[in-house]
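Hi everyone, thanks for making time. Please take a look at the structure on the screen, and I'll walk you through a few places in it.

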Amino acid sequence: MTDNSCNRVKVSSSALRNNFRFLQRSVNSGVAVMAMVKADGYGHGMVNAARVFSDAGCMAFGVAELREAVILRKAGIGGSIYVTMAFGIEDVGLFFKYDLIPVIYDYNAALALSRKAVESASEITVHIKVDTGMGRLGVFADELPRFIDGISALAGVKIGGFMSHFPEADTPEKDSTDKGYDLFSTGCINNGRCIDTICHIANSSAVLNFPKTHCDMVRVGIALYGYHPAGKVDQTGFQANNLLPALSFTSRILQVKLFPAGAGISYGYTYRTSEPRKIAVLPVGYEDGFSRRLSNRATVLIGGRRVPVVGRICMNMCMVDVTSVVGVKSGDEVVFIGRQGSESINADDIAKSMGTISYEVLCLFGNNNNRIYVE
Ligand SMILES: *Cc1c(COP(=O)(O)O)cnc(C)c1O
């Protein structure tokens with residue numbers, strides 16, 4: 001993770017800015033865009049990404065845990081910072097100290113906030129999380145009226161908004177999004193009990209596929225980083241050129257060797273040369289985010305050509321077959337995510353070979369390597 005590493009994650013500030021502006025244009029004026037910067041900004045660096053979004057006009061940020069919110073504030077990020085998942089009751093004072101917004105689904109957490117508010121003669125604004133079908137965090141919609149009663153009765157606690165989350169907004173033909181939205185609008189938007197609240201339910205997929213769910217604010221993550229949530233780029237409104245992948249990952253060749261026919265490569269000899277092959281050794285392994293599941297599956301770019309990973313990916317190294325690359329030598333650039341000549345590889349390509357989604361690939365490479373920011 002030092003600056004001297006051969007492995008380098010580059011994050012393009014201009015791509016992040018472009019994506020934020022595109023998403024802000026994709027919703028009606030008056031609809032706020034909350035930038036989800038959890039997981040260290042999906043591998044792009046939470047503080048730096050938040051700064052870029054903030055400079056582009058973003059005024060709301062979402063993280064999972066309280067500690068992330070404190071880091072953002074200490075780094076000078078302004079606007080509203082929402083802690084959407086977790087905090088310890090013993091830490092409620094930090095919400096007051098750093099002017100943060102807790103998301104509440106638990107009465108005891110709200111009670112602790114109320115006590116702190118009374119003790120410090122102040123008020124705390126909370127948002128309530130509702131489970132409208134995600135099957136994850138939140139108060140069930142049918143328990144919401146009682147929950148609201150309980151929270152409303154707490155001194156120093158103001159209900160500033162409601163939020164929920166969709167499980168299948170990436171699949172427009174599924175009906176869970178409409179169902180969830182109906183529950184949300186009946187229970188929260190039209191409950192008539194809390195005026196002046198901010199309601200938010202849409203993630204990147206819903207921004208794209210379900211415009212009626214945009215409410216007062218949308219919470220976007222993956223699209224800000226340049227990826228379509230369903231791994232496509234050609235759907236209405238999210239054309240290829242509108243979202244720009246912001247993260248690239250490159251390395252350098254350590255050694256190039258000519259192996260005779262029949263040579264076993266790497267642990268377990270899962271690959272054997274069928275004829276003499278030129279093999280390059282790269283300083284990238286699963287420790288660097290290049291999952292072992294990609295052994296004998298992934299490709300990388302060297303000399304403008306797409307070349308295959310051969311044999312098992314090790315902890316800190318992997319091997320690629322560079323027989324087709326004329327003049328290849330140690331020190332040459334290797335692209336794992338990004339562009340080289342006319343070829344490119346993106347996080348969706350890697351995700352497909354791995355059986356996962358771009359989100360995980362970005363976190364893996366981004367959070368396990370040295371990052372630099374470029375325009
Ligand atoms: C991560 C997250 C989002 C953003 O989801 P994307 O699919 O990346 O847009 C929205 N809401 C909540 C609660 C989240 O945890």
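Let's begin with the backbone at I222: one of its polar atoms sits 2.8 Å from an oxygen atom of the ligand. Please keep in mind that this is a predicted model. K38 also reaches an oxygen atom of the ligand, this time through an N or O atom in its side chain, at 2.5 Å. Then there is H165, where a polar side-chain atom lies 3.4 Å from a nitrogen atom of the ligand.

How much of the ligand's accessible area does the protein cover? On its own the ligand has 390 Å² of accessible area, and the protein covers 93% of that. The space the ligand takes up is the largest pocket. Two elements each give two or more residues to the shell around the ligand: α2 (38-42) and β10 (217-220).

Who else is in that shell? In total, 14 residues surround the ligand, and the closest are K38, Y42, S204, I222 and Y359.

Now let's move on to the aromatic rings. The count comes to ten aromatic pairs. One of them joins F249 and F336, a tilted pair with 5.3 Å from centre to centre and 55° between the planes. F249 belongs to strand β11 (residues 247-252) and F336 to strand β19 (residues 333-340), so this pair ties together parts that are 87 residues apart in sequence.

Key. Residues numbered from 1 in each chain as written. Predicted model: local features only at pLDDT ≥ 70, side-chain atom pairs only at ≥ 80, totals over all residues. Heavy atoms only, no water. Near = heavy atom within 4 Å. Polar contact = N/O pair within 3.5 Å; in protein donor to acceptor, adjacent residues only side chain to side chain. Areas by Shrake-Rupley, 256 points an atom, 1.4 Å probe, with all protein chains shown as cover. 1 Å grid on protein atoms, 1.4 Å probe; cavity = no way out; pocket = protein on both sides within 12 Å on 5 of 7 lines; lining within 4 Å. Sits in = over half its atoms within 2 Å of the grid points. Helix = DSSP H or I, 4+ residues; strand = E, 2+ residues; numbered from the N terminus. Phe/Tyr/Trp six-rings, centres within 6.5 Å; stacked < 30°, edge-to-face > 60°.
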